[in-house]
Amino acid sequence: MAGFNFTNSDASTFMLMGIPGLEAAHIWISIPFFTFYIISLLGNVTLLSVVGKEQTLQKPMYLLLCILALTDIATPTFVTPKALSIFWFNLKGITVAGCLTQMFFLHMVSVMHSSTLVTMAFDRYVAICNPLRYGTILSNAQIAKLGLAGLIRAVLFILPLSLLLSQQPFCANRIIFHTQCEYRAVVRMVCGDITVSRIYGLWLMFVINGFDLTLIALSYGLIIRAVLRISSKNTNRKALNTCTAHICVMLTYYAPGFFSILTHHFGQGIAPHVHIILTDLYLLIPPMLNPIIYGVKTKELRDKVGKYICQKMIT
């Protein structure tokens, strides 16, 4: 990504100011930032370690959880270290190349995360609606291919956005009132014509969210229809329980995202620091909650994690 050709010198920098209006509280704000990040790392690394160690967990559903865990490690890692350097050491400078690189990876991982949620919805659909063919439709090799396809899709969708902005001249006032180089913040620094970038950004938002959410809604609609046809209430309940964790994870991802988008477009009366805090929490809280949700809702995983932790404590 450092290979972008800039119209301005690569030595030029932006200044990330953190959370405007709350500069005096930066130290205190850093405490939940740091705490959420550490919990997120511990939870997702533990999940990856347990699935990697336990042969019985190396099947499509848990491999998808591993892909989700990787995106949940990457997302806060692209944001938190820089935010903490601002809060703790007042290190606000970031090069234009570094800023666009951060923006690229943040949005690329977000698209990858969304693709993984779509695949997980399809996984549950096949498991419940076509269980006899589950092993042939979704093998471990198929999950690997779907994961790679999701990664390629994310790169192809987000790379043009970064390339378009890298060709634009940036204004002399390079102060970004944010903790990160998110797309909306970087666009405000451009002095050239950004019509193409704006149109492409809107197209991406509607295509990715619209397409992915449609597939997810379709999968769960078919699941609910199939479950309602089951006469046994016990079987009915078990089938729905297998989807509960997935639905919770999707709600923690999509609901705050849409709320953040709505506040940016229609919340002109909301203080800027509220927008920034909401954006940061959106990137910090779901990665922290996801391994907890799956640990609580999935008995097989919960038992293996408990066994893994006990072994670590003994050794």
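Visitor: How close do the axes of helix 1 and helix 3 come, and at what angle do they cross?

Guide: This is a predicted model, in which local features need pLDDT of at least 70 and side-chain atom pairs count only at pLDDT 80 or more, while totals for chains, interfaces and linings use all residues. Residues are numbered from 1 along each chain as its sequence is written, and side-chain values use heavy atoms, with hydrogens and water left out. The axes of helix 1 (residues 26-53) and helix 3 (residues 80-89) come within 9 Å and cross at roughly 155 degrees. That makes helix 1 roughly antiparallel to helix 3, a label for angles over 145 degrees. Helices here are DSSP runs of H or I with at least four residues, and strands are E runs of at least two; axes are lines fitted to C-alpha atoms, for helices over the stretch in contact, with angles from 0 to 180 degrees between N-to-C directions.

Visitor: Which residues of helix 1 and helix 3 meet?

Guide: From helix 1, the residues are His-26, Ile-27, Ile-29, Ser-30, Phe-33, Phe-34 and Tyr-37, and they meet Thr-80, Pro-81, Ala-83, Leu-84, Ile-86, Phe-87 and Trp-88 of helix 3, where contact means heavy atoms within 4.5 Å. The residues of this contact divide into 11 nonpolar, three polar and no charged.

Visitor: And how do helix 2 and helix 10 cross?

Guide: The axes of helix 2 (residues 60-77) and helix 10 (residues 272-297) come within 8 Å and cross at roughly 150 degrees, which makes helix 2 roughly antiparallel to helix 10. In that contact, Leu-65, Leu-68, Asp-72, Thr-75 and Pro-76 of helix 2 meet Leu-283, Leu-284, Pro-287, Asn-290 and Tyr-294 of helix 10, and the residues divide into seven nonpolar, two polar and one charged.

Visitor: Switching to the core, which residues touch the most other members?

Guide: Leu-117 and Leu-301 do, among the 80 residues of the largest nonpolar core, a core being a set of buried Ala, Val, Leu, Ile, Met, Phe, Trp, Tyr and Cys residues joined through side-chain atoms within 4.5 Å. Helix 4 (residues 96-129) gives the most to this core, with 16 residues.

Visitor: What is Leu-117 in contact with?

Guide: Leaving aside neighbours within four places in sequence, Leu-117 is in contact with Leu-68, Ile-216, Val-249, Met-250, Tyr-253 and Tyr-254.

Visitor: Last one: is Asn-90 buried or exposed?

Guide: Asn-90 is exposed, with a relative accessible area of 51%, given that buried means under 20%, exposed over 50% and partly exposed in between, for a 1.4 Å probe and protein chains only. Asn-90 lies in the loop between helix 3 and strand 2 (93-95), and has a positive phi of about 60 degrees although it is not a glycine.

Notes
Angles under 35 degrees count as roughly parallel, over 145 as roughly antiparallel, 65 to 115 as roughly perpendicular and the rest as oblique. Ala, Val, Leu, Ile, Met, Phe, Trp, Tyr, Cys and Pro count as nonpolar, Asp, Glu, Lys and Arg as charged, and the others, Gly among them, as polar.
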